[in-house]
Amino acid sequence: GRSDSTDDRRSAVEQFAKACGTDLRHARQVARIASRVLDQLAEPLGIAPADREMIELAAILANVGYLINFKQHHKHSFHLIHNSQLTGFERRELKLLANIARYQRGAPPKQKPEGFCELDPRDQERVAKLAAILRLAFALDRTHQQQVSEIECRVVNGRVDIEVSAKGDAAVDIWAARRKVDLFEKVFRKQVVISAKNL
């Protein structure tokens, strides 16, 4: 059934990421945060709820490029994912994942990155939206300490309010997230306000 194939895809992705030396606890936390943001903002921001699996898998895969080289690792991630023979994935999906992973870091997609141009305009928009959320989610576990326990997102008066609940001291993660809203604000054309809810 569908959920079996979803689980198989997830475990294929986790095995690949682990083989590339990914910190899986960090990656899973980022996947969890990203999917919470997507679930809560899908409707107001026009994201397909079904893209939840895509963003979770991209979160797990995003740092595989560290295997090759820390510098420019997002470009290495792009090539590793793009050329991987991951079980249960079509080429188009691997292209999407590769692009999302690539653009959650570094500069937003501009002129002529090789893989981005090959996508049709609808997929380019999907990549931009998912990468923008993922970039924010990565920042929210900047410390790799899984401090963020819950996240509440809503669109109010044309801006996106994100309230973060933390187990420990998430000050650094929140500081990082505030510096990483640029792509999100550009893609969704909305200001992002991040606040901490102290537990």
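A charge patch, as used here, is made of residues with over 30% relative accessible area and no salt bridge, with like charges joined within 9 Å. Lys and Arg count as positive, Asp and Glu as negative, and accessible areas come from the Shrake-Rupley method with a 1.4 Å probe. The place of a charge is taken as NZ of Lys or CZ of Arg.

Before you click: this is a predicted model, where local features need pLDDT of at least 70, and side-chain atom pairs count only at pLDDT 80 or more. Residues are numbered from 1 along each chain, and side-chain values use heavy atoms, without hydrogens and water.

**Stop one.** Select R105, R142, R179 and K180: together they make a patch of positive charge on the surface. R179 belongs to helix α8, residues 171–179 (helices are DSSP runs, H or I, of at least four residues; strands are E runs of at least two).

**Stop two.** Now pick out the open sheet, whose three strands go β1-β2-β3 with mixed pairing (strands pair if DSSP finds at least two bridges between them). At its edges sit β1 (148–156) and β3 (192–197), each pairing on one side only.

Zoom in on β1 and β2 (residues 159–166): they run antiparallel, joined by eight bridges. V148, for instance, has A166 in β2 as its bridge partner. The two strands form a hairpin with two residues between them, and N157 in the turn has a positive phi of about 50 degrees.

**Stop three.** Finish at helix α1 (residues 2–19), where R10 and E14 lie four residues apart, about one turn of the helix. Their side chains meet in a salt bridge at 3.0 Å, N to O (a Lys or Arg side-chain nitrogen within 4 Å of an Asp or Glu carboxyl oxygen). The whole structure has 17 salt bridges.

Definitions and conventions. Patch = residues over 30% accessible without salt bridge, like charges linked within 9 Å, V, L, I, M, F, W, Y side chains within 5 Å.
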